[in-house]
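Here's a quick walk through a protein model for anyone planning to look at it on screen. Have the sequence and the 3D view open side by side as you read.

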Amino acid sequence: MTFDLEYNSERPLMIIPEYGRHIQKLVDHCLALETKEERDKMAKAIVDVMGNLQPHLRDVPDFKHKLWDQLYIMADFKLDVESPYPQPSKEELQEKPEGLPYPKSASRYRYYGNNIQTMIDIALSWEDGDKKEALVFTIANHMKKCYLNWNKDTVDDAVIFKHLYDLSDGKIDLRETEEALSESKNLLRKPRTQGQGQSTSKSSNYKKPQHSNQNKPRKRY
(Lines give C-alpha, C1' and ligand atoms only; values in the text may rest on other atoms or scores of the structure.)
Protein backbone atom coordinates (compact mmCIF):
# COMPACT_ATOMS: atom_id res chain seq x y z
CA MET A 1 0.00 0.00 0.00
CA THR A 2 1.50 3.30 -1.08
CA PHE A 3 0.60 6.90 -0.28
CA ASP A 4 1.17 9.89 -2.54
CA LEU A 5 2.46 12.52 -0.12
CA GLU A 6 3.11 16.15 -1.05
CA TYR A 7 5.97 17.93 0.64
CA ASN A 8 6.18 21.70 0.82
CA SER A 9 9.69 21.55 -0.61
CA GLU A 10 8.27 19.97 -3.78
CA ARG A 11 5.31 22.35 -4.13
CA PRO A 12 5.55 25.59 -6.11
CA LEU A 13 6.09 28.75 -4.11
CA MET A 14 3.00 30.72 -3.19
CA ILE A 15 2.99 34.28 -4.53
CA ILE A 16 0.96 35.66 -1.59
CA PRO A 17 1.30 33.18 1.30
CA GLU A 18 -1.20 35.03 3.49
CA TYR A 19 -4.14 33.47 1.63
CA GLY A 20 -2.85 29.91 1.86
CA ARG A 21 -2.26 27.24 -0.74
CA HIS A 22 -5.94 26.45 -1.30
CA ILE A 23 -6.63 29.96 -2.64
CA GLN A 24 -3.62 29.67 -4.90
CA LYS A 25 -4.97 26.36 -6.26
CA LEU A 26 -8.34 28.01 -6.92
CA VAL A 27 -6.59 30.77 -8.86
CA ASP A 28 -4.66 28.20 -10.88
CA HIS A 29 -7.90 26.36 -11.61
CA CYS A 30 -9.53 29.63 -12.68
CA LEU A 31 -6.69 30.18 -15.15
CA ALA A 32 -7.27 26.72 -16.63
CA LEU A 33 -10.98 27.31 -17.37
CA GLU A 34 -11.74 27.52 -21.07
CA THR A 35 -14.64 29.95 -21.29
CA LYS A 36 -14.51 33.53 -20.08
CA GLU A 37 -17.91 33.29 -18.43
CA GLU A 38 -16.68 30.51 -16.16
CA ARG A 39 -13.52 32.47 -15.33
CA ASP A 40 -15.54 35.60 -14.50
CA LYS A 41 -17.86 33.70 -12.19
CA MET A 42 -15.03 31.91 -10.40
CA ALA A 43 -12.89 35.04 -10.12
CA LYS A 44 -15.70 36.90 -8.30
CA ALA A 45 -16.15 33.94 -5.96
CA ILE A 46 -12.41 33.87 -5.21
CA VAL A 47 -12.44 37.59 -4.41
CA ASP A 48 -15.33 37.07 -1.96
CA VAL A 49 -13.44 34.28 -0.21
CA MET A 50 -10.28 36.43 -0.05
CA GLY A 51 -12.31 39.19 1.59
CA ASN A 52 -13.55 36.77 4.26
CA LEU A 53 -10.02 35.55 4.95
CA GLN A 54 -8.72 39.12 5.35
CA PRO A 55 -11.44 40.99 7.28
CA HIS A 56 -9.05 43.77 8.32
CA LEU A 57 -8.94 44.89 4.67
CA ARG A 58 -12.53 46.09 5.01
CA ASP A 59 -11.22 49.12 6.88
CA VAL A 60 -8.87 49.96 3.99
CA PRO A 61 -10.26 52.37 1.39
CA ASP A 62 -11.14 50.58 -1.88
CA PHE A 63 -10.47 47.19 -0.30
CA LYS A 64 -12.26 45.49 -3.22
CA HIS A 65 -9.77 47.10 -5.58
CA LYS A 66 -6.94 45.75 -3.45
CA LEU A 67 -8.40 42.23 -3.53
CA TRP A 68 -8.69 42.25 -7.32
CA ASP A 69 -5.12 43.47 -7.63
CA GLN A 70 -3.95 40.63 -5.41
CA LEU A 71 -5.93 38.17 -7.53
CA TYR A 72 -4.10 39.35 -10.65
CA ILE A 73 -0.79 39.10 -8.81
CA MET A 74 -1.46 35.49 -7.74
CA ALA A 75 -2.42 34.70 -11.36
CA ASP A 76 0.92 36.13 -12.55
CA PHE A 77 -1.04 38.80 -14.49
CA LYS A 78 -2.30 36.12 -16.93
CA LEU A 79 -5.94 36.11 -15.84
CA ASP A 80 -8.38 37.21 -18.55
CA VAL A 81 -11.59 38.21 -16.76
CA GLU A 82 -13.98 41.15 -16.59
CA SER A 83 -12.84 43.15 -13.59
CA PRO A 84 -14.52 46.28 -12.17
CA TYR A 85 -11.04 47.80 -11.88
CA PRO A 86 -8.22 48.17 -14.41
CA GLN A 87 -5.72 45.33 -14.44
CA PRO A 88 -2.36 46.28 -12.89
CA SER A 89 0.84 45.67 -14.80
CA LYS A 90 3.86 43.72 -13.65
CA GLU A 91 6.15 46.65 -14.46
CA GLU A 92 4.13 48.92 -12.18
CA LEU A 93 4.42 46.41 -9.34
CA GLN A 94 8.18 45.97 -9.76
CA GLU A 95 8.87 49.69 -10.07
CA LYS A 96 11.06 51.00 -7.27
CA PRO A 97 9.60 53.81 -5.17
CA GLU A 98 11.25 57.20 -5.16
CA GLY A 99 13.61 57.92 -2.32
CA LEU A 100 12.44 60.15 0.50
CA PRO A 101 14.63 63.18 1.23
CA TYR A 102 16.07 63.46 4.71
CA PRO A 103 14.95 66.40 6.86
CA LYS A 104 17.24 69.36 6.67
CA SER A 105 17.84 69.36 10.43
CA ALA A 106 18.69 65.66 10.58
CA SER A 107 22.15 66.08 9.09
CA ARG A 108 23.49 68.62 11.61
CA TYR A 109 22.65 70.04 15.03
CA ARG A 110 19.80 67.59 15.57
CA TYR A 111 19.65 68.46 19.27
CA TYR A 112 17.87 71.70 18.34
CA GLY A 113 14.91 69.80 16.92
CA ASN A 114 12.95 70.27 13.72
CA ASN A 115 10.97 73.31 14.86
CA ILE A 116 14.08 75.50 15.02
CA GLN A 117 14.47 75.38 11.24
CA THR A 118 10.82 76.40 10.83
CA MET A 119 11.32 79.34 13.20
CA ILE A 120 14.43 80.42 11.30
CA ASP A 121 12.59 80.30 7.97
CA ILE A 122 9.80 82.44 9.42
CA ALA A 123 12.33 84.96 10.73
CA LEU A 124 13.92 85.18 7.30
CA SER A 125 10.55 85.97 5.73
CA TRP A 126 10.06 89.03 7.96
CA GLU A 127 11.19 92.50 7.03
CA ASP A 128 14.18 93.97 8.83
CA GLY A 129 13.28 95.83 11.98
CA ASP A 130 12.91 95.60 15.74
CA LYS A 131 10.39 92.73 15.58
CA LYS A 132 12.66 90.60 13.41
CA GLU A 133 15.64 91.33 15.64
CA ALA A 134 13.65 90.37 18.74
CA LEU A 135 12.54 87.15 17.06
CA VAL A 136 16.11 86.29 16.06
CA PHE A 137 17.38 86.69 19.63
CA THR A 138 14.42 84.67 20.92
CA ILE A 139 15.40 81.88 18.55
CA ALA A 140 19.02 82.14 19.68
CA ASN A 141 18.01 81.90 23.35
CA HIS A 142 15.85 78.87 22.59
CA MET A 143 18.77 77.26 20.77
CA LYS A 144 20.97 77.89 23.78
CA LYS A 145 18.41 76.28 26.06
CA CYS A 146 18.17 73.22 23.79
CA TYR A 147 21.94 72.97 23.69
CA LEU A 148 22.19 73.10 27.48
CA ASN A 149 19.49 70.47 27.89
CA TRP A 150 21.44 68.22 25.55
CA ASN A 151 24.95 68.95 26.83
CA LYS A 152 24.20 69.67 30.51
CA ASP A 153 27.06 72.14 30.60
CA THR A 154 27.82 75.77 29.88
CA VAL A 155 28.05 77.00 26.33
CA ASP A 156 29.55 80.14 24.85
CA ASP A 157 27.23 82.47 22.95
CA ALA A 158 29.63 82.42 20.02
CA VAL A 159 28.83 78.73 19.50
CA ILE A 160 25.10 79.44 19.31
CA PHE A 161 25.66 82.34 16.91
CA LYS A 162 27.79 80.09 14.70
CA HIS A 163 25.12 77.38 14.61
CA LEU A 164 22.43 79.97 13.84
CA TYR A 165 24.58 81.27 11.00
CA ASP A 166 24.91 77.75 9.56
CA LEU A 167 21.21 76.85 9.90
CA SER A 168 20.17 80.08 8.18
CA ASP A 169 22.64 79.52 5.31
CA GLY A 170 24.54 82.65 6.30
CA LYS A 171 21.47 84.92 6.21
CA ILE A 172 21.37 85.55 9.98
CA ASP A 173 24.76 86.66 11.27
CA LEU A 174 25.10 87.55 14.95
CA ARG A 175 28.73 86.56 15.26
CA GLU A 176 29.90 90.18 15.61
CA THR A 177 27.11 91.35 17.90
CA GLU A 178 27.90 92.71 21.35
CA GLU A 179 24.54 91.75 22.84
CA ALA A 180 24.66 88.68 25.04
CA LEU A 181 22.11 85.93 25.36
CA SER A 182 20.41 84.91 28.58
CA GLU A 183 22.57 83.29 31.23
CA SER A 184 22.66 79.53 31.43
CA LYS A 185 21.37 79.41 35.01
CA ASN A 186 18.29 81.40 34.00
CA LEU A 187 17.56 79.17 31.02
CA LEU A 188 17.87 75.99 33.06
CA ARG A 189 15.98 77.28 36.09
CA LYS A 190 12.92 75.15 36.77
CA PRO A 191 9.69 77.15 37.13
CA ARG A 192 8.04 77.00 40.52
CA THR A 193 4.81 75.10 40.56
CA GLN A 194 1.65 76.97 41.50
CA GLY A 195 0.87 76.79 45.18
CA GLN A 196 4.34 75.61 46.16
CA GLY A 197 5.06 78.69 48.29
CA GLN A 198 1.64 78.58 49.91
CA SER A 199 2.04 74.97 50.96
CA THR A 200 5.37 75.69 52.68
CA SER A 201 3.98 78.71 54.51
CA LYS A 202 0.99 76.75 55.71
CA SER A 203 3.18 73.92 56.91
CA SER A 204 5.42 76.33 58.83
CA ASN A 205 2.46 78.00 60.56
CA TYR A 206 0.71 74.76 61.33
CA LYS A 207 0.44 73.93 65.00
CA LYS A 208 -0.54 70.60 66.37
CA PRO A 209 -3.75 70.89 68.38
CA GLN A 210 -3.39 70.24 72.09
CA HIS A 211 -5.89 67.93 73.64
CA SER A 212 -7.07 68.81 77.13
CA ASN A 213 -7.55 66.19 79.80
CA GLN A 214 -11.03 67.49 80.68
CA ASN A 215 -12.80 65.29 78.17
CA LYS A 216 -10.59 62.28 78.81
CA PRO A 217 -12.61 59.46 80.40
CA ARG A 218 -11.60 58.57 83.92
CA LYS A 219 -10.29 55.16 84.66
CA ARG A 220 -12.51 53.10 86.84
CA TYR A 221 -11.13 50.66 89.41
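## A buried Phe in a loop

Let's start with Phe 77, which is buried, with a relative accessible area of 18%. That value counts as buried because the cut-off is under 20%. Keep in mind throughout that this is a predicted model. Phe 77 sits in the loop between H3 and H4, and it has a positive phi of about 60 degrees although it is not a glycine.

Asp 76 lies in the loop between helix H3 (63–74) and H4 as well. The phi of Asp 76 is also positive, near 60 degrees, and again this is a residue other than glycine. As background, most residues other than glycine have a negative phi. Asp 76 counts as partly exposed, at 31% relative accessibility.

## The overall layout

What is the chain built from, helices or strands? The protein chain has nine helices and zero strands. Read from the N terminus, the order of elements is α-α-α-α-α-α-α-α-α.

Of the 221 residues in the protein chain, 29% are buried. Now take the contacts between residues at least 6 apart in sequence: 52% of them join residues at least 24 apart.

Leaving aside neighbours within four places in sequence, Met 143 is in contact with Tyr 112, Ile 116, Ile 160, His 163, Leu 164 and Leu 167.

How do H5 and H6 pack? Their axes are 10 Å apart and the angle is about 165 degrees, which means H5 is roughly antiparallel to H6. The crossing of these two helices, H5 and H6, is left-handed. On the H5 side, the residues involved are Ile 116, Met 119, Ile 120, Ala 123 and Leu 124, and they meet Lys 132, Leu 135, Val 136, Ile 139, His 142 and Met 143 in H6.

H6 and H7 are another story. Their axes come within 10 Å and cross at roughly 115 degrees, so H6 and H7 are roughly perpendicular to each other. The crossing of H6 and H7 is right-handed. From H6, Val 136, Ile 139, Ala 140, Met 143, Lys 144 and Tyr 147 meet Asp 157, Ile 160, Phe 161, His 163, Leu 164 and Leu 167 in H7.

## The buried side of H7

Which residues of H7 are buried? They are Asp 157, Ile 160, Phe 161, His 163, Leu 164, Asp 166 and Leu 167. These buried residues of H7 pack against H5 and H6. Just after H7, Asp 169 takes a positive phi of about 55 degrees.

Arg 108 ties in here. It lies in the loop between helix H4 (90–94) and helix H5 (115–125), and it touches Asp 166, Leu 167 and Asp 169, not counting residues up to four places away in sequence. Arg 108 and Leu 167 are 59 residues apart along the chain, yet their C-alpha atoms are separated by 8.7 Å. Arg 108 is partly exposed, with a relative accessible area of 30%.

## Cysteines and one more glutamate

What about disulfides, and how many turn up? A search of the whole structure finds zero disulfides. Cys 30 counts as buried, at 1% relative accessibility. Cys 146 is buried too, with a relative accessible area of 14%.

One last stop is Glu 133, found in helix H6. Glu 133 is partly exposed, with a relative accessible area of 42%.

Notes
Residues are numbered from 1 along each chain as its sequence is written. This is a predicted model: local features need pLDDT of at least 70, side-chain atom pairs count only at pLDDT 80 or more; totals for chains, interfaces and linings use all residues. Side-chain values use heavy atoms; hydrogens and water are left out. Helices (H or I, at least four residues) and strands (E, at least two) are DSSP runs, numbered from the N terminus. Buried means under 20% relative accessible area, exposed over 50%, partly exposed in between (1.4 Å probe, protein chains only). Contact means heavy atoms within 4.5 Å. A disulfide is a pair of cysteine sulfur atoms within 2.5 Å. Axes are lines fitted to C-alpha atoms, for helices over the stretch in contact, and angles run from 0 to 180 degrees between N-to-C directions. Angles under 35 degrees count as roughly parallel, over 145 as roughly antiparallel, 65 to 115 as roughly perpendicular and the rest as oblique. A crossing is left-handed if the near helix is turned anticlockwise from the far one by less than a right angle, and right-handed if clockwise.
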